[in-house]
Structures are given as C-alpha cells and as structure tokens.
Amino acid sequence: MAQDIERIADRLARHHGARSATRADRLHVSLNGVWRSVNEIELALLDDAQEVGEAIRRPGFDIAFDKLQTFSGGSRSKTGGRTIVPTVLTCTNGARETLALYGDIRREMQRLGMPVGPRSFVPHLTIWYGHARVSDLLLKRPLRWGVRKFWLVRTTTGQRRPDYIGEWPLG
C-alpha cells in the first residue's frame, strides 16, 4: 500500500509543482515523540518508550486517508530561503481507531512520567514538503492503509531509512 500512496503522491506533487513526494519507505503516521532534540531520542527514555509499546493492547484497523491539505506553519529552508510547508493526507472520517491508539500511547507515557504530545492531534501522512500551499482537496477514492503493528523509530533528517528500535503487533 505504501508504494501505491507514493505513486499517487508523486502525481499530486508534480501537479502542484512540488519536486518529489515522500518515498514509500519513509511514509508513517507519528503517534508521539520521544526526543531530546530534533534528531536525537533521549536515551534515558528509551527503556520507558519500549515499556509503553509492550503495554499497548488494541486490535488492528484500517485508516482511510481521503483529504489532501497543506498544514500551516512550516520552517525556513536550510539555505535560509522561503518557508517549506508539509502537504499531507488526512481523514475526514475522524480516524477513531488511530486517535484511540494515540490516546493509549499518550496515557502510558504519562503513567511512566514521560513527556507527551498534545491531547489532540490530526492523524496525517506527510506526502511532500514544498513552498506552495495547496487548496484542500477531497480524494475521489480514499487511500486505505492497514494498521496491524506499530513501531518505535528514530528518524534522522537526510537519512534514507529510519532506525527501527521496537515493533509491536495490534490484534
């Protein structure tokens, strides 16, 4: 499915003037962060983060991404040029199961005294970064992604693949 999303994202990116879409091997939905800085996981929290993963018990589910939009905010390009903003796929159906998984992870992190993300978040899949904002667009056919497991990963800007630190099944 990730390859299908990458292929569709490439077409959408080119149509909207972006250079390229996020590669299939980097597509993900972030459910919470454990970090010291942008690129470095807090090593003291690593054992706690793995304990959080072990504690989660939830069935697998499908998520249906059906809306293209550009998030506000963004950051300056590394060369100090124009602002770069993320264009994402989101879910108009609310993504109830994804939000429940996010809540479970957040509660476990709080239980262990770990820093947590905001109470609410918008489940999304970043499909490209670019300078142009796009108008919201409902997709004719949702892009479905089967969620059967989740991972603890370390991503580093510029690296081709994230480091997979932990993996837990849903179901």
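# Reading the labels on a predicted model

Q: Why is Tyr164 called partly exposed?
A: In this predicted model, Tyr164 has a relative accessible area of 49%. Buried would need under 20%, and exposed would need over 50%. The value of 49% falls in between, so Tyr164 is partly exposed.

Q: Where is Tyr164 found, and what does it form with Trp151 and Val153?
A: Tyr164 is in strand E7, residues 163–169. Together with Trp151 and Val153, Tyr164 forms a nonpolar patch on the surface, and the three share about 300 Å² of accessible area. A patch takes residues with over 30% relative accessible area, and Tyr164 has 49%.

Q: How many aromatic pairs does a search of the whole structure find, and why is the pair of Phe150 and Trp168 called tilted?
A: The search finds 3 aromatic pairs. In the pair of Phe150 and Trp168, the ring centres are 5.4 Å apart and the planes stand at 35°. Pairing needs centres within 6.5 Å, a stacked pair needs planes under 30 degrees apart, and an edge-to-face pair needs over 60.

Q: What makes the contact between Arg58 and Asp104 a salt bridge?
A: Their closest N and O atoms are 2.8 Å apart. A salt bridge needs a side-chain nitrogen of Lys or Arg within 4 Å of a carboxyl oxygen of Asp or Glu, so Arg58 and Asp104 qualify. The two residues are 46 residues apart: Arg58 is in the loop between helix H2 (43–55) and strand E1 (61–70), while Asp104 is in helix H3 (residues 96–111).

Q: Are Arg58 and Asp104 buried or partly exposed?
A: Arg58 has a relative accessible area of 23%, so it is partly exposed. Asp104 stands at 15%, which is under the 20% limit, so it counts as buried.

Q: How do you know that Asp62 and Arg148 meet in a salt bridge?
A: The N to O distance between their side chains is 2.8 Å, and the limit is 4 Å. Asp62 lies in strand E1 and Arg148 in the loop between strand E5 (137–147) and strand E6 (149–154), so this pair ties together parts 86 residues apart in sequence. Asp62, at 42% relative accessibility, counts as partly exposed. Arg148, at 44%, is partly exposed as well.

Q: What joins Glu51, Glu108 and Arg111 into one network?
A: Salt bridges that share partners join them. The structure holds 9 salt bridges. One of them is between Arg23 and Asp25, at 3.4 Å from N to O.

Q: Why does Gln69 count as buried?
A: Gln69 has 16% relative accessibility.

Q: What joins the side chains of Gln69 and Thr90?
A: A polar contact of 2.9 Å joins them, and the distance limit for such a contact is 3.5 Å. Beyond its neighbours within four places in sequence, Gln69 is in contact with residues including Pro86, Val88 and Asp136.

Q: Where does Ser30 lie, and why does it count as partly exposed?
A: Ser30 lies in the loop between helix H1 (2–15) and H2. At 44% relative accessibility it falls between the limits of 20% and 50%, so it counts as partly exposed. Its side chain makes a polar contact of 3.2 Å with the side chain of His28. Ser30 and Leu152 are 122 residues apart in sequence, but their C-alpha atoms are 9.7 Å apart in space.

Q: How many helices and strands does the protein have, and what pattern does it follow along the sequence?
A: The protein has 3 helices and 7 strands. Along the sequence they follow α-α-β-β-β-α-β-β-β-β. Of the 171 residues, 39% count as buried.

Technical notes
Residues numbered from 1 in each chain as written. Predicted model: local features only at pLDDT ≥ 70, side-chain atom pairs only at ≥ 80, totals over all residues. Heavy atoms only, no water. Helix = DSSP H or I, 4+ residues; strand = E, 2+ residues; numbered from the N terminus. Buried < 20%, exposed > 50% of the residue type's maximum accessible area, 1.4 Å probe, protein only. Polar contact = N/O pair within 3.5 Å; in protein donor to acceptor, adjacent residues only side chain to side chain. Contact = heavy atoms within 4.5 Å. Patch = residues over 30% accessible without salt bridge, like charges linked within 9 Å, V, L, I, M, F, W, Y side chains within 5 Å. Areas by Shrake-Rupley, 256 points an atom, 1.4 Å probe, with all protein chains shown as cover. Phe/Tyr/Trp six-rings, centres within 6.5 Å; stacked < 30°, edge-to-face > 60°.
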